[in-house]
Amino acid sequence: MEAKEQDVSLGANKFPERQPIGIAAQSHDDGKDYKEPPPAPLFEPSELTSWSFWRAGIAEFVATFLFLYITILTIMGVNKSDSKCKTVGIQGIAWSFGGMIFALVYCTAGISGGHINPAVTFGLFLARKLSLTRAVFYIVMQVLGAICGAGVVKGFEGKAFYGKVHGGANFVAPGYTKGDGLGAEIIGTFVLVYTVFSATDAKRSARDSHVPILAPLPIGFAVFLVHLATIPITGTGINPARSLGAAIIFNKDLGWDDQWIFWVGPFIGAALAALYHTVVIRAIPFKSS
């Protein structure tokens, strides 16, 4: 009996295990050809004296300003027509959001990281990709940029028309519950932030030289797809700065009643994406230094 068990053992180990190929090979860290970035400190007071810190904040302000300007103006153009068939329609609105994120992330990634969204900043902060000092600064600048961008659109369109078409403000559409809206925002933001983590992953960047160059494309495409799916539900927030900026300039109850959904939902979605990527996909907490 013992001899039989020995034969089985020898037979099982006679041929070496096949080596994984393609993407599967990247899950093996032995002899890794990349270096995991060290976690950012919680507080970094020295950043406040660095021009690169302030320049990054300015870049976030300008990018979010341009983002709101183009996207809200697109929404105004669609709502101005008596028939959406005469305009770019919902697909065009989704393209304006996704296309602007693609362009702006490409332009600002090397300066600030190209967040343009407090939920993205929050998710990256939870993953220790940036300090609390920088995260708070980014969010403040993003909100200010969003307010200014929506304000310029209101100046172009006029107060009467801007108010008539709700100023691009986010709210839960009739026929849906607040729970529906919250769920849509959580899942939509998860898709976006998970894409951000995957597109900017240090491991993939080291092994696939094209990944850093192409990173803005999947991020923008994720924004486009989420908008296609959730515009009928909430108008698609997944960006607290975008929702707050539009609500402040619109400044009516419709824009404020559901505002909490467009902060709580994206922050939960971002936290789940950070947890999933860090703990499940990369298993960083379980790796030995």
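A nonpolar core is taken here as a set of buried Ala, Val, Leu, Ile, Met, Phe, Trp, Tyr and Cys residues joined through side-chain atoms within 4.5 Å. In the predicted model described here, the largest such core has 53 residues, and those with the most contacts inside it are Phe67, Met76 and Tyr162. Apart from this core lies another, of 5 residues, among them Val172, Ile186, Ile261 and Phe262. When neighbours within four places in sequence are left aside, Phe67 is in contact with Phe97, Met100, Ile101, Leu104 and Ile116, and also with Asn239 and Arg242.

The protein as a whole contains 13 helices and 0 strands, and buried residues make up 45% of its 289 residues. Of the contacts between residues at least 6 apart in sequence, 79% join residues at least 24 apart. The unreviewed UniProt entry annotates residues 53-72, 93-116, 136-156, 213-233 and 260-284 with the term "transmembrane region". In the model, the span 53-72 is 100% helix and 0% strand, with its end C-alpha atoms 29 Å apart. The span 260-284 is 84% helix and 0% strand, and the C-alpha atoms at its ends lie 32 Å apart.

Helix 4, which comprises residues 118-126, is mostly covered, with 7 of its 9 residues buried. These buried residues are Pro118, Ala119, Val120, Thr121, Gly123, Leu124 and Phe125, and they pack against helix 5, helix 7, helix 11 and helix 13.

The largest pocket holds about 1,000 Å³ of space. At least two lining residues are supplied by each of helix 3 (89-108), helix 4 (118-126), helix 5 (132-157), helix 7 (178-199), helix 8 (202-207), helix 9 (211-214), helix 10 (216-234) and helix 13 (261-281). By residue class, the lining of this pocket divides into 28 nonpolar, 13 polar and 7 charged residues.

The second largest pocket contains about 400 Å³ of space, and of the 19 residues that line this pocket, Ile75, Asn79, Phe171, Ile231 and Gly235 are the closest to its centre. Helix 2 (51-80), helix 3 and helix 10 each supply at least two residues of the lining, and helix 10 gives the most, with 4 residues. The lining of the second largest pocket is made up of 11 nonpolar, 6 polar and 2 charged residues.

Most residues other than glycine have a negative phi. Thr236, however, has a phi near 65°, a positive value in a residue other than glycine, and Thr236 lies in the loop between helix 10 and helix 11 (240-250). Ile238 is also found in the loop between helix 10 and helix 11, and its phi, near 45°, is likewise positive. Because buried denotes a relative accessible area under 20%, Thr236, with a value of 0%, is classed as buried, and Ile238, at 2%, is also counted as buried.

Glu47 is situated in the loop between helix 1 (2-12) and helix 2. With a relative accessibility of 14%, which falls under the 20% limit, Glu47 counts as buried. Residues up to four places away in sequence not being counted, Glu47 touches Phe53, Ser131, Thr133 and Arg134.

Trp256 belongs to helix 12, which covers residues 253-257. Apart from neighbours within four places in sequence, Trp256 is in contact with Leu244, Ala247, Ile248 and Asn251. Leu244 and Trp256 are 12 residues apart along the chain, and their C-alpha atoms are separated by 8.7 Å.

Technical notes:
Residues are numbered from 1 along each chain as its sequence is written. This is a predicted model: local features need pLDDT of at least 70, side-chain atom pairs count only at pLDDT 80 or more; totals for chains, interfaces and linings use all residues. Side-chain values use heavy atoms; hydrogens and water are left out. Buried means under 20% relative accessible area, exposed over 50%, partly exposed in between (1.4 Å probe, protein chains only). Contact means heavy atoms within 4.5 Å. UniProt positions are given in the numbering used here, feature names are shortened, and annotations may be inferred rather than shown by experiment. On a 1 Å grid over the protein atoms alone, a cavity is a set of points where a 1.4 Å probe fits but cannot get out, and a pocket is an open set with protein on both sides within 12 Å along at least five of seven lines; lining residues have an atom within 4 Å of a point. Grid points are joined across faces, edges and corners, and a volume is the space filled by probe spheres set on the points. Ala, Val, Leu, Ile, Met, Phe, Trp, Tyr, Cys and Pro count as nonpolar, Asp, Glu, Lys and Arg as charged, and the others, Gly among them, as polar.
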